[in-house]
Amino acid sequence: MARRMPPMGGMGNMSNMIKQAQKMQQDMLKMQEEMETSGFEAASGGGAVTVKATGKKEITEIKINPEVVDADDIEMLEELIMVAVNDVMKKIDNANQEKLGRLTGGMNIPGLL
């Protein structure tokens with residue numbers, strides 16, 4: 001007796017889902033590349049402190065208005081702030097990775113972070 005094969009209708013849906021996932025991954029990679037080449041700037045204290053960073057969350061410049069601190073300590077203060085900001089961003093990334101790992105059951109899904 002010959003066995004009947006189930007209809008292949010579900011395969012088209014699976015193929016479509018795979019194509020959609022691949023497109024989404026490509027879109028996410030494109031967005032990530034755009035972010036990495038972007039520059040960002042923020043100011044606080046009415047412009048007393050200005051910070052510039054890349055989309056990779058790397059601080060490229062910190063400027064502090066000399067009127068808000070002792071002029072002899074500005075360079076050291078700028079360096080300390082830069083190190084602290086970069087360190088806290090790394091901690092944020094690590095926490096996000098950990099949370100994402102819990103959500104995905106440890107599966108590494110490229111482009112999510």
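Modeller: A definition to start: two strands pair if DSSP finds at least two bridges between them. Bear in mind that this is a predicted model.

Biologist: In the hairpin of strand 1 and strand 2, which residue takes a positive phi?
Modeller: Strand 1 (residues 39–44) and strand 2 (residues 49–54) run antiparallel and are joined by six bridges. Their hairpin has four residues between the strands. The residue with a positive phi, near 60°, is G45.

Biologist: Which residue in strand 3 is the bridge partner of V51?
Modeller: V51 lies in strand 2, opposite A42. Strand 2 also pairs with strand 3 (residues 59–64), antiparallel, over five bridges. There, the partner of V51 is I62.

Biologist: How many residues apart in sequence are the parts that D93 and K57 tie together?
Modeller: The side chains of D93 and K57 meet in a salt bridge, 2.7 Å from N to O. D93 lies in helix 2 (residues 74–103) and K57 in the loop between strand 2 and strand 3, so the pair links parts whose separation in sequence is 36 residues.

Biologist: Is K91 buried or exposed?
Modeller: K91 forms a salt bridge with D87, with the closest N and O atoms 3.8 Å apart. D87 is partly exposed, at 38% relative accessibility. Exposed means over 50% relative accessible area. K91 has 54%, so K91 is exposed.

Biologist: What is the relative accessible area of M17?
Modeller: M17 is found in helix 1 (residues 9–36). With M14 and I18, M17 makes a nonpolar surface patch of about 300 Å². M17 is exposed, and its relative accessible area is 52%.

Definitions and conventions:
Residues numbered from 1 in each chain as written. Predicted model: local features only at pLDDT ≥ 70, side-chain atom pairs only at ≥ 80, totals over all residues. Heavy atoms only, no water. Patch = residues over 30% accessible without salt bridge, like charges linked within 9 Å, V, L, I, M, F, W, Y side chains within 5 Å. Areas by Shrake-Rupley, 256 points an atom, 1.4 Å probe, with all protein chains shown as cover. Salt bridge = Lys/Arg side-chain N within 4 Å of Asp/Glu carboxyl O. Helix = DSSP H or I, 4+ residues; strand = E, 2+ residues; numbered from the N terminus. Buried < 20%, exposed > 50% of the residue type's maximum accessible area, 1.4 Å probe, protein only.
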